[in-house]
Amino acid sequence: MHKEISGVILAGGRATRMGGEDKGLVSIGGIALYQHVLARLRPQVASVAISANRNQARYQASGLPVIGDLTPDFAGPLAGMLAGLKQAPSEWVVFVPCDVPDFPADLVAQLWQQKGAAQAAFASDGERDHPTLALLHSQIAPQLADYLARGERKLMLFLHQIGAQRVVFSGQQAAFHNLNTPADCLNWQQTRELKK
(Lines give C-alpha, C1' and ligand atoms only; values in the text may rest on other atoms or scores of the structure.)
Protein backbone atom coordinates (compact mmCIF):
# COMPACT_ATOMS: atom_id res chain seq x y z
CA MET A 1 0.00 0.00 0.00
CA HIS A 2 1.27 3.45 -0.87
CA LYS A 3 0.71 5.91 1.96
CA GLU A 4 1.39 8.84 -0.37
CA ILE A 5 -1.18 7.79 -2.98
CA SER A 6 -4.96 7.99 -2.79
CA GLY A 7 -7.31 6.26 -5.21
CA VAL A 8 -10.37 7.38 -7.14
CA ILE A 9 -12.82 5.03 -8.87
CA LEU A 10 -14.24 6.72 -11.96
CA ALA A 11 -17.98 5.99 -12.03
CA GLY A 12 -19.25 9.24 -13.51
CA GLY A 13 -20.07 8.19 -17.07
CA ARG A 14 -23.41 7.79 -18.82
CA ALA A 15 -22.94 4.04 -19.50
CA THR A 16 -24.89 4.16 -22.75
CA ARG A 17 -23.87 0.60 -23.72
CA MET A 18 -25.21 -0.66 -20.39
CA GLY A 19 -28.67 0.57 -21.41
CA GLY A 20 -28.18 3.77 -19.43
CA GLU A 21 -27.94 1.86 -16.16
CA ASP A 22 -25.27 3.23 -13.82
CA LYS A 23 -22.39 0.93 -14.72
CA GLY A 24 -20.71 1.01 -11.31
CA LEU A 25 -23.94 -0.17 -9.66
CA VAL A 26 -24.61 -3.11 -12.01
CA SER A 27 -24.88 -6.19 -9.80
CA ILE A 28 -22.54 -9.08 -10.58
CA GLY A 29 -22.97 -12.07 -8.30
CA GLY A 30 -24.94 -9.88 -5.90
CA ILE A 31 -22.13 -7.32 -5.62
CA ALA A 32 -22.08 -3.93 -7.38
CA LEU A 33 -19.40 -3.72 -10.08
CA TYR A 34 -17.64 -0.80 -8.38
CA GLN A 35 -17.29 -2.96 -5.23
CA HIS A 36 -15.32 -5.54 -7.24
CA VAL A 37 -13.05 -2.70 -8.41
CA LEU A 38 -12.81 -1.32 -4.87
CA ALA A 39 -11.68 -4.70 -3.53
CA ARG A 40 -8.85 -4.65 -6.09
CA LEU A 41 -7.85 -1.03 -5.44
CA ARG A 42 -8.12 -0.75 -1.66
CA PRO A 43 -4.97 -2.79 -0.81
CA GLN A 44 -2.92 -0.64 -3.22
CA VAL A 45 -3.65 2.87 -1.87
CA ALA A 46 -4.01 4.83 1.37
CA SER A 47 -7.62 5.89 0.77
CA VAL A 48 -10.35 5.61 -1.86
CA ALA A 49 -13.04 7.98 -3.13
CA ILE A 50 -15.64 7.52 -5.87
CA SER A 51 -16.19 9.93 -8.74
CA ALA A 52 -19.92 9.75 -9.54
CA ASN A 53 -22.53 12.09 -10.98
CA ARG A 54 -25.62 9.93 -10.53
CA ASN A 55 -26.96 7.81 -7.67
CA GLN A 56 -24.51 9.46 -5.29
CA ALA A 57 -26.44 8.30 -2.22
CA ARG A 58 -26.03 4.67 -3.31
CA TYR A 59 -22.29 5.13 -3.66
CA GLN A 60 -22.15 6.97 -0.32
CA ALA A 61 -23.69 3.89 1.32
CA SER A 62 -20.22 2.32 0.88
CA GLY A 63 -18.92 4.78 3.47
CA LEU A 64 -16.49 6.25 0.92
CA PRO A 65 -16.33 9.93 -0.09
CA VAL A 66 -18.24 10.58 -3.32
CA ILE A 67 -16.98 13.35 -5.61
CA GLY A 68 -19.14 14.89 -8.34
CA ASP A 69 -17.75 16.58 -11.46
CA LEU A 70 -17.13 20.30 -11.16
CA THR A 71 -18.94 20.76 -14.50
CA PRO A 72 -22.53 19.63 -15.14
CA ASP A 73 -22.09 18.31 -18.68
CA PHE A 74 -20.66 14.75 -18.31
CA ALA A 75 -17.31 15.92 -19.70
CA GLY A 76 -15.83 12.42 -19.62
CA PRO A 77 -13.16 10.86 -17.43
CA LEU A 78 -11.03 14.02 -17.39
CA ALA A 79 -13.75 15.86 -15.49
CA GLY A 80 -13.80 13.14 -12.85
CA MET A 81 -10.02 13.24 -12.70
CA LEU A 82 -9.99 17.01 -12.17
CA ALA A 83 -12.52 16.75 -9.34
CA GLY A 84 -10.54 13.89 -7.82
CA LEU A 85 -7.25 15.81 -7.96
CA LYS A 86 -8.81 18.86 -6.34
CA GLN A 87 -10.32 16.91 -3.45
CA ALA A 88 -7.67 14.24 -2.88
CA PRO A 89 -5.96 14.08 0.52
CA SER A 90 -2.60 13.34 -1.16
CA GLU A 91 -0.42 14.88 -3.88
CA TRP A 92 -0.55 11.71 -5.97
CA VAL A 93 -3.83 10.15 -7.07
CA VAL A 94 -4.38 6.93 -8.98
CA PHE A 95 -7.54 6.61 -11.07
CA VAL A 96 -9.26 3.42 -12.16
CA PRO A 97 -12.55 3.03 -14.04
CA CYS A 98 -15.49 1.29 -12.38
CA ASP A 99 -15.73 -1.29 -15.19
CA VAL A 100 -12.25 -2.91 -15.15
CA PRO A 101 -12.44 -5.31 -12.19
CA ASP A 102 -9.32 -7.37 -13.01
CA PHE A 103 -6.74 -4.58 -13.36
CA PRO A 104 -3.27 -5.65 -12.15
CA ALA A 105 -2.81 -6.13 -8.41
CA ASP A 106 0.47 -4.22 -8.75
CA LEU A 107 -0.98 -1.41 -10.88
CA VAL A 108 -0.18 1.36 -8.40
CA ALA A 109 3.28 0.01 -7.55
CA GLN A 110 4.27 -0.24 -11.23
CA LEU A 111 2.91 3.20 -12.17
CA TRP A 112 4.75 4.68 -9.18
CA GLN A 113 8.05 2.91 -9.85
CA GLN A 114 8.09 3.58 -13.59
CA LYS A 115 6.81 7.15 -13.75
CA GLY A 116 10.35 8.56 -13.61
CA ALA A 117 10.30 12.33 -13.30
CA ALA A 118 6.90 12.61 -15.00
CA GLN A 119 3.90 14.07 -13.18
CA ALA A 120 1.65 11.42 -14.70
CA ALA A 121 1.80 7.78 -15.76
CA PHE A 122 -0.78 5.54 -17.44
CA ALA A 123 -1.18 1.84 -18.12
CA SER A 124 -0.75 0.01 -21.41
CA ASP A 125 -1.02 -3.71 -22.11
CA GLY A 126 1.58 -3.42 -24.86
CA GLU A 127 -1.06 -3.43 -27.60
CA ARG A 128 -3.50 -0.79 -26.33
CA ASP A 129 -3.19 2.17 -24.01
CA HIS A 130 -5.55 2.36 -21.04
CA PRO A 131 -5.41 6.02 -20.04
CA THR A 132 -8.22 5.83 -17.47
CA LEU A 133 -5.85 3.71 -15.34
CA ALA A 134 -3.48 6.50 -14.45
CA LEU A 135 -1.40 8.05 -11.70
CA LEU A 136 -1.51 11.86 -11.64
CA HIS A 137 0.12 14.53 -9.49
CA SER A 138 -2.21 17.19 -8.11
CA GLN A 139 0.03 19.93 -9.58
CA ILE A 140 -1.39 19.20 -13.04
CA ALA A 141 -4.91 20.22 -11.94
CA PRO A 142 -4.62 23.81 -13.30
CA GLN A 143 -3.45 22.53 -16.71
CA LEU A 144 -6.31 20.03 -16.74
CA ALA A 145 -8.83 22.73 -15.80
CA ASP A 146 -7.57 24.93 -18.66
CA TYR A 147 -7.73 22.00 -21.09
CA LEU A 148 -11.37 21.27 -20.17
CA ALA A 149 -12.26 24.98 -20.25
CA ARG A 150 -11.12 25.06 -23.90
CA GLY A 151 -13.69 22.34 -24.65
CA GLU A 152 -11.09 19.60 -24.98
CA ARG A 153 -12.14 16.12 -23.84
CA LYS A 154 -9.55 13.65 -25.21
CA LEU A 155 -7.81 11.99 -22.28
CA MET A 156 -4.91 10.49 -24.27
CA LEU A 157 -4.15 13.83 -25.92
CA PHE A 158 -3.96 15.53 -22.53
CA LEU A 159 -1.64 12.86 -21.16
CA HIS A 160 0.67 13.31 -24.15
CA GLN A 161 0.64 17.09 -23.68
CA ILE A 162 1.81 16.81 -20.07
CA GLY A 163 4.49 14.22 -20.88
CA ALA A 164 2.86 11.30 -19.12
CA GLN A 165 4.87 8.08 -18.89
CA ARG A 166 3.45 4.94 -20.54
CA VAL A 167 3.85 1.90 -18.26
CA VAL A 168 3.51 -1.43 -20.07
CA PHE A 169 2.01 -4.47 -18.35
CA SER A 170 3.18 -7.12 -20.83
CA GLY A 171 1.02 -10.17 -21.46
CA GLN A 172 -1.81 -8.89 -19.27
CA GLN A 173 -4.37 -7.90 -21.90
CA ALA A 174 -7.15 -9.70 -20.03
CA ALA A 175 -6.49 -7.65 -16.89
CA PHE A 176 -7.60 -4.51 -18.72
CA HIS A 177 -10.82 -5.91 -20.17
CA ASN A 178 -13.67 -3.56 -19.43
CA LEU A 179 -17.27 -4.64 -18.89
CA ASN A 180 -19.38 -2.49 -21.20
CA THR A 181 -22.55 -4.54 -21.63
CA PRO A 182 -24.74 -6.85 -19.53
CA ALA A 183 -23.32 -9.77 -21.57
CA ASP A 184 -19.77 -8.74 -20.61
CA CYS A 185 -20.79 -8.78 -16.94
CA LEU A 186 -22.36 -12.21 -17.23
CA ASN A 187 -19.31 -13.65 -18.99
CA TRP A 188 -16.98 -12.18 -16.36
CA GLN A 189 -19.05 -13.66 -13.53
CA GLN A 190 -19.11 -17.10 -15.17
CA THR A 191 -15.33 -17.02 -15.73
CA ARG A 192 -14.76 -16.07 -12.09
CA GLU A 193 -16.93 -18.92 -10.87
CA LEU A 194 -15.01 -21.39 -13.03
CA LYS A 195 -11.75 -20.21 -11.45
CA LYS A 196 -13.00 -20.80 -7.89
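Start by selecting Asp 99, which is buried, with a relative accessible area of 7%. Buried means under 20% relative accessible area, exposed means over 50%, and partly exposed is in between (1.4 Å probe, protein chains only). This is a predicted model, in which local features need pLDDT of at least 70 and side-chain atom pairs count only at pLDDT 80 or more, while totals for chains, interfaces and linings use all residues. Residues are numbered from 1 along each chain as its sequence is written, and side-chain values use heavy atoms, with hydrogens and water left out.

**Stop 1: around Asp 99**

Asp 99 sits in the loop between β6 (92–97) and α4 (107–114). Helices (H or I, at least four residues) and strands (E, at least two) are DSSP runs, numbered from the N terminus.

The side chains of Asp 99 and Lys 23 make a polar contact at 2.7 Å. A polar contact is a pair of N or O atoms within 3.5 Å; within protein, one must be able to donate a hydrogen and the other to accept it, and residues adjacent in sequence count only if both atoms are side-chain atoms.

Which residues is Asp 99 in contact with, leaving aside its neighbours within four places in sequence? They are Lys 23, Leu 33, Val 37, His 177, Asn 178, Leu 179 and Asn 180. Contact means heavy atoms within 4.5 Å.

**Stop 2: the annotated positions**

Select Leu 10, Ala 11, Gly 12, Lys 23, Asp 69 and Asp 99, where UniProt places the feature "binding site" in an unreviewed entry. UniProt positions are given in the numbering used here, feature names are shortened, and annotations may be inferred rather than shown by experiment.

From this set, pick Gly 12. Gly 12 lies in the loop between β1 (2–10) and β2 (27–28) and counts as buried at 18% relative accessibility.

**Stop 3: strand β7**

Select residues 120–124, strand β7. Five of the five residues of β7 are buried, so the strand is largely enclosed by the rest of the structure. Show the side chains: Ala 120, Phe 122 and Ser 124 point one way from β7, and Ala 121 and Ala 123 point the other way.

Two strands pair if DSSP finds at least two bridges between them. Phe 122 has Ala 134 as its bridge partner in β8. The hairpin of β7 and β8 has four residues between the strands, and there Gly 126 takes a positive phi near 95 degrees.

The bridge partner of Ser 124 in β9 is Val 168.

**Stop 4: Ser 124**

Zoom in on Ser 124, which is in strand β7. Is Ser 124 buried or exposed? Ser 124 is buried, with a relative accessible area of 2%.

The Ser 124 side chain reaches the backbone nitrogen of Gly 126 at 3.1 Å. A polar contact of 3.3 Å also joins the side chains of Ser 124 and Asp 129. Not counting residues up to four places away in sequence, Ser 124 touches residues including His 130, Arg 166, Phe 169 and Phe 176.

**Stop 5: Asn 55**

Go to Asn 55, in the loop between β4 (45–51) and α2 (56–60). Asn 55 is not a glycine, yet has a positive phi of about 50 degrees. Asn 55 is partly exposed, with a relative accessible area of 36%.

**Last stop: the whole chain**

Clear the selection and colour by secondary structure: the chain comes to seven helices and nine strands. Its C-alpha atoms fill a box of roughly 45 × 35 × 30 Å, taken along the principal axes. Of the 196 residues, 50% count as buried. Among contacts between residues at least 6 apart in sequence, 70% join residues at least 24 apart.
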